[in-house]
Amino acid sequence: GDPGIGKSTLWQQWSHGQAGDTRVLEARCLSSTQTLPLAPVSGLFGTHICLEQLTGPKSDVSSVWLTELTRLLPQIRDYRPDLPVAISVPPAEERRRLFEALTQTVQSLCASPLVVFIDDVHWADQATLDWLAYLCDRMRDDPLLLICAYRSKEASASLNRLVAGWRRDGRVQELSLLPFSFEESTELICALDGNVAMIDFLPGQSGGNPYYLTELNRVHPDGNPAELGDLLKARLQGLPDSVLRLLQTAAILEPSIDFDMLQWICRQSEDEILDALDLLLGAALLVERGDTLQFAHPLLAGIVRDELSSPRR
C-alpha cells in the first residue's frame, strides 16, 4: 500500500492481539541502509533479549553456527567469548554459511509459533531479499509466519520477482490496503472527535488516505500540516526535470488534465510525454480517470503549485 495507508498500524493492532506463546521478531528497512547487506536482518536478532536466548545454556544453536553468525553480529562474543574465530572462506561460501547460520537461528526460535515482521521491504538490500528466499525454502514445513509490508509502487524488480515466486508456489497471501471509502473516512473523523462540518471536505482532500485524513483533521480547512507537506514533497524528490515540469503543468491544468493540452504546453514529443506519464502513473502521483488524468491526492496538486513562482505559474 501507499505511504500512510496504514500498513504499520495494521501490523501493530494485529500483533498486540496474539497469544502469549507466539514469539514475534520485528525489524524495518531504511532508505539509508539499502547499500548495507543484511542490515534489517541484524536488527531482527541484535536485541539483548534475543542474543541472550541464542547464546544461553538452553540455546539450540550450535557453536559452529554461532561462530558463523559473528560475521554479522560481532556482539555475540560479548555473551560467548569462548567462540573460535570464523575461518576465512571464499565470498560465496561465506554467504552460504551465513545464510544457514541465520536460518538455524530462526529454527531455534520456532519451538512456539514464530512471527517475523519486516517493515518497508521496498528498501531491503539484495542480500536480505536473497536470505528471505533461502529462509522460506528451508523452513517451508516449520511454524513460521513471515509478514512483509511494503509500498508496491516502490518495490524493486528483485522484490517483485521474489513475491511472484512465492505466489506461484501458493505460499503467499497478499493484502492490498486500499484508500478509505467515504463511509470509512467519516467513521474515522468521528472517532477522532473531528469537526462534523468538515466531513464532506476532508475525505476528498485526503484521497481516502487515513494518515492524511488524521493530519488534516488537526488543522484549519484551508491549511496543510507541515508533516503532511513534507511527506508529499518527499515523493517528488528524484523525479527527472522533464517529468517534474510535466507534473507542474498538470498541477496548473487540474482538474481538467488531458494529453493534448499537456503536449501543447510542455512542447515535448509524444514519446517523451508518454514516458513521463508512465513514470508518474507508476509512482501513483497521477491516476487515470477515463480519458483524463487526476492527481492521486488532491493535496499534492496544491503543493506542486505552491513550489512554483508566480511568473512560472
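Here are some questions and answers about this predicted model.

Q: What makes up the secondary structure of the protein chain?
A: The chain comes to 16 helices and 5 strands. Its C-alpha trace spans about 70 × 50 × 35 Å along the principal axes, and buried residues make up 42% of its 313 residues.

Q: How do you know that strand β2 is largely enclosed by the rest of the structure?
A: Count its buried residues! A residue is buried when its relative accessible area is under 20%. In β2 (residues 114-119), 6 of the 6 residues are buried, so the strand is largely enclosed.

Q: Which residues of β2 point one way, and which the other way?
A: Leu114, Val116 and Ile118 point one way, while Val115, Phe117 and Asp119 point the other way. Residues on both sides are buried.

Q: What makes β1 and β2 count as paired strands?
A: Pairing needs at least two bridges between the strands. Strand β1 (residues 23-28) is joined to β2 by 6 bridges, so the two are paired, and they run parallel. In one of these contacts, arginine 23 has leucine 114 of β2 as its bridge partner.

Q: How does β2 pair with β3, and how does the chain get from one to the other?
A: Strand β3 (residues 144-148) pairs with β2 in the parallel sense over 5 bridges. Here isoleucine 118 stands opposite cysteine 148 in β3. The chain crosses from β2 to β3 through helix α7 (residues 126-138), and this β-α-β crossover is right-handed.

Q: Why is cysteine 136 called buried, but cysteine 190 partly exposed?
A: Cysteine 136 has a relative accessible area of 13%, which is under 20%, so it is buried. Cysteine 190 has 46%, which falls between 20% and 50%, so it counts as partly exposed.

Key: Residues numbered from 1 in each chain as written. Predicted model: local features only at pLDDT ≥ 70, side-chain atom pairs only at ≥ 80, totals over all residues. Heavy atoms only, no water. Buried < 20%, exposed > 50% of the residue type's maximum accessible area, 1.4 Å probe, protein only. Helix = DSSP H or I, 4+ residues; strand = E, 2+ residues; numbered from the N terminus. Right-handed = clockwise from strand over helix to strand, strands pointing away.
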